Amino acid sequence: MRNTVDTTLFYPAERKDQEFTFIHVSMMQPLKNVKGILDAMVLLHQQNQLCRLVLVGPVPADLLSYATQNELASYVEWAGALSYAQVAARMRTAHALVHFSYYENLPCVVNEALCCGLPVISSDVGGVAELVHSGNGQLVAPGNVETLAAAMKQLILNYANYNANKIAA
């Protein structure tokens, strides 16, 4: 049985952040490869792809230091730990979820993002491929930052091809 999602909280919303926004929600453990997501953001901005990243979860000192060293402050927001309802509200204003774990089973955050109508970019690990396909996102090889950045860029450029209500259904 898959994880369940409270669809009274996780549902598509019409209003999105003005700037294209990726969201990542986790406990920021090393297996989630948040450093790889930060590296992909550096690559995107080197290619003049204007976007931002919201990180929801505890703020590890090493990742904060890494982001500071790589001058990511202007396009990475550390939202911190939020309540379940607050996570849903932040997710609804984002454009897409990025999940770059080295390994997983089937993370609930992927289900939550899909219920919000968000396209998902995820590493192809565990059961993620059972949910994520070309109609609602992209799968990338775990640990391959260049492939992640390319998928993020493609999603930005082709965002109009994704239908939030169809993804949520």
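**Buried loop residues, core and pocket**

Student: In this predicted model, where is the place of Q49?
Tutor: Look at the elements on either side. One is α1, covering 34-46, and the other is β2, covering 52-56. The place of Q49 is the loop between α1 and β2.

Student: Is Q49 buried or exposed?
Tutor: Buried means under 20% relative accessible area. Q49 has 12% relative accessibility, so Q49 counts as buried.

Student: Where is N33, and is N33 buried or exposed?
Tutor: N33 sits in the loop between β1 (21-25) and α1. Its relative accessibility is 6%. The cut-off for buried is under 20%. Therefore N33 counts as buried.

Student: How many residues does the largest nonpolar core have?
Tutor: Seven names stand out for the most contacts inside this core: F22, I23, L38, L53, M91, L148 and M152.

Student: What does M91 touch, not counting residues up to four places away in sequence?
Tutor: Beyond its sequence neighbours, M91 touches F10, I23, V25, V109, E112, A113, C116 and L118.

Student: How much space lies in the largest pocket?
Tutor: This value is a volume. The space in the largest pocket is about 180 Å³.

Student: Which lining residues are the closest to the centre of the largest pocket?
Tutor: The lining has 13 residues. The closest to the centre are V25, S26, M27, V56 and G57.

Methods:
Residues are numbered from 1 along each chain as its sequence is written. This is a predicted model: local features need pLDDT of at least 70, side-chain atom pairs count only at pLDDT 80 or more; totals for chains, interfaces and linings use all residues. Side-chain values use heavy atoms; hydrogens and water are left out. A nonpolar core is a set of buried Ala, Val, Leu, Ile, Met, Phe, Trp, Tyr and Cys residues joined through side-chain atoms within 4.5 Å. Buried means under 20% relative accessible area, exposed over 50%, partly exposed in between (1.4 Å probe, protein chains only). Contact means heavy atoms within 4.5 Å. Helices (H or I, at least four residues) and strands (E, at least two) are DSSP runs, numbered from the N terminus. On a 1 Å grid over the protein atoms alone, a cavity is a set of points where a 1.4 Å probe fits but cannot get out, and a pocket is an open set with protein on both sides within 12 Å along at least five of seven lines; lining residues have an atom within 4 Å of a point. Grid points are joined across faces, edges and corners, and a volume is the space filled by probe spheres set on the points.
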